[in-house]
Amino acid sequence: MLATITQTRQTPRGWLASGLYLSAVLLLSGCASYSQRFDVIEAQLAAGNLPAALQTLEKDRGNGRRDEVLYLLNRAMLLRMQGDYRQSNQALEQAKRLIDELDAVSIREQAGSLTVNDTLQSYIGSDFERALLHVYAALNYLQLGMPDEARVEILQLDVLLNLQADGQGNAYSEDAFARYLSGLVFEQLGEWSDAMIAYRKAYQDYQKYREYFGVKPPRSLGLALLRMAEHLGLKEELRRYRKAFAIEQWTPLPVFQTEGEVVLIVGTGLAPRKREESMSIFAPGAGVMVRIALPRYETKTQPVGEVRLQTDNEAVDAELVEDIDAIAVKTLQEKMPAITARALARAVVKYRAAKEAGERDQGLGLLLNVAGMLSEQADTRSWSTLPQRIYLGRQPLAPGRYNISVQLLGHGGHVLAQKQFSGVVVEAGKKVYLTWRWIPPH
Amino acid sequence: MLSKSVKTLWVLLLAVALAACATKVERLDTEEVRDLSGNWNDTDSRLVSEEMIRDVLSRSWLNRYTRSHGGKPPVVIVGEVRNLSHEHINVNTFVADMERALINSGNVEVVASSTERGEVRGERKDQDLNAREDTRKAMGQEIGADFMLKGTINTIIDAEGKKQVKFYQVDLTLISMADNRKVWVGQKKIKKFVDKRSLRF
């Protein structure tokens, strides 16, 4: 092959051009994909070494501004896991501002994505990641004891979800868990009608969740709906929810308000990661086989069967409220036709460029071919520090101090992990948020 | 000659490489209006406080109070201004503006708010132990406020694609501590149309 290159007559400008292209491609695409680089952080998280994970993240912030949102989201999640809610929210706020800025279509990045690969586009998160950004910001504020600020996040979330809901045809256009949490925030602030509206939306969204992601409306949502519907005098709805949830007994709202409530939110595992899969495919535009790289979600096994919240003499089950595994896989599936079409178009552009160059100069054509192949990379970026699943449990308790233990049970009923919250102070009419993030050891 | 597609390729890549640029700083007058994101900013805060101050000092409650209390100015405490909007608004700036204008007008006295007085009380307690007796300030000598200033900031957002109409409404109320009477209600509305760019370089 070397012989062919030296034998051909060289056009200096052509060599310069392809040399520049090759070096630019290598510079831009980096050595390892985002997903591969995340392996280290995942291992550190599995070992329970949060500071190390945070350090790794800080050291490798990805490809500058294009990956900045991703870096901020991961940083926010790790800081949250460390219990540093204030700084976590700072990162989320930065991410929000940047997403807003990068939301406009970039001419340069589009060109890059059509000629080199999709990772040249700035990452602004998929729909569910952007909704969860607000959810986690709200949770941070709730845990800081700032419900009014959590309410701000809930309102921003509402604007976002309403905009997303315009794409009705998708499996994920609304976030049921986000709506449920919105209802909790409004309920805590005594805004009953807003709480009712949010709970009702959550109920509707869980119908869709049941169909697409296999998550059914939680019973605690049913109780909340019954309390609110009764209090607001919505008789017809009350009848419907009673039937749908098969609940005959609940505490009326005025009585409920004389007690406090513990709200437990448990995130388990790590969200699925995208991997690259290359395939050879016939490109109709060029009439040849081309190699393209596509992203694919790789889910991990899900060890948790049950989450149990236990106070001194009572136990309730926390219920599954969000299956991020299912949502991520489904939403990527829906985006695949567009991603594949882009990859094909890109392969054709690269093929044509190499072919045309090769007709004038064989070596140049070869070089462009190699550059084209090397640069074909799938976009494997995703908010990988999100949990795999989110569970929520609610336990009304009389005002006082409690020791609360949370147990994660495996599918066989054995205890996987447990955590103790001691001295939890419950006040009348208020909610205490307890959160726990559990990542199974390797 | 090079083919067109190869040329475009490397022109694009060169553009990517050269896209960085340096930070630029420019000083602005504090009165100057410059809207960047369409979010609540200093101009909104200033507009609200100016309007509210003008209003609160020109209304009849002030004269009525001073007349019926032998010329003694009313004492006001600033309560909570709740942010019920879509943004994390710093309400302290215009609350501080209002406090300043009220005090400087000379017609109203303002006492420390519930968040401030904790520190003051702590200091008084400390004086009790550490300060010379003739300079020591006694406890239980605080002035009770006659009125409390409270309020809310609300927003209504209507969004479609990249376009947004933002409507802010700030309501402030002065409530008589003696009998819960509302003696003054101030309101300021701000409406903005935000059209986010849909293209960037």
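Is B:Asn180 buried or exposed? B:Asn180 is exposed, with 8 other C-beta atoms within 10 Å. Exposed means 12 or fewer such neighbours, buried means 20 or more, and partly exposed lies in between, with C-beta atoms placed from the backbone.

This is a predicted model: local features need pLDDT of at least 70, side-chain atom pairs count only at pLDDT 80 or more, and totals for chains, interfaces and linings use all residues. Residues are numbered from 1 along each chain as its sequence is written, while chains are lettered from A and ligands numbered from 1 in the order in which they are written.

**View 1. Chain A as a whole.** Chain A has 16 helices and 10 strands. Helices (H or I, at least four residues) and strands (E, at least two) are DSSP runs, numbered from the N terminus. The C-alpha trace spans about 90 × 45 × 40 Å along its principal axes. Of the 442 residues in chain A, 43% are buried. Take the contacts in chain A with a separation of 6 or more: 72% join residues 24 or more positions apart. A contact needs C-beta atoms, placed from the backbone, within 7 Å.

**View 2. The loop at A:Ala246.** A:Ala246 sits between helix 13 (235–245) and helix 14 (253–256) of chain A. Its phi is near 50 degrees, a positive value in a residue other than glycine. Most residues other than glycine have a negative phi. A:Ala246 counts as exposed because it has 9 C-beta neighbours inside 10 Å.

**View 3. The loop at B:Asn180.** In chain B, B:Asn180 lies in the loop between strand 4 (163–176) and strand 5 (182–195). Phi of B:Asn180 is positive too, near 65 degrees.

Definitions and conventions. Two residues are in contact if their C-beta atoms, placed from the backbone, lie within 7 Å.
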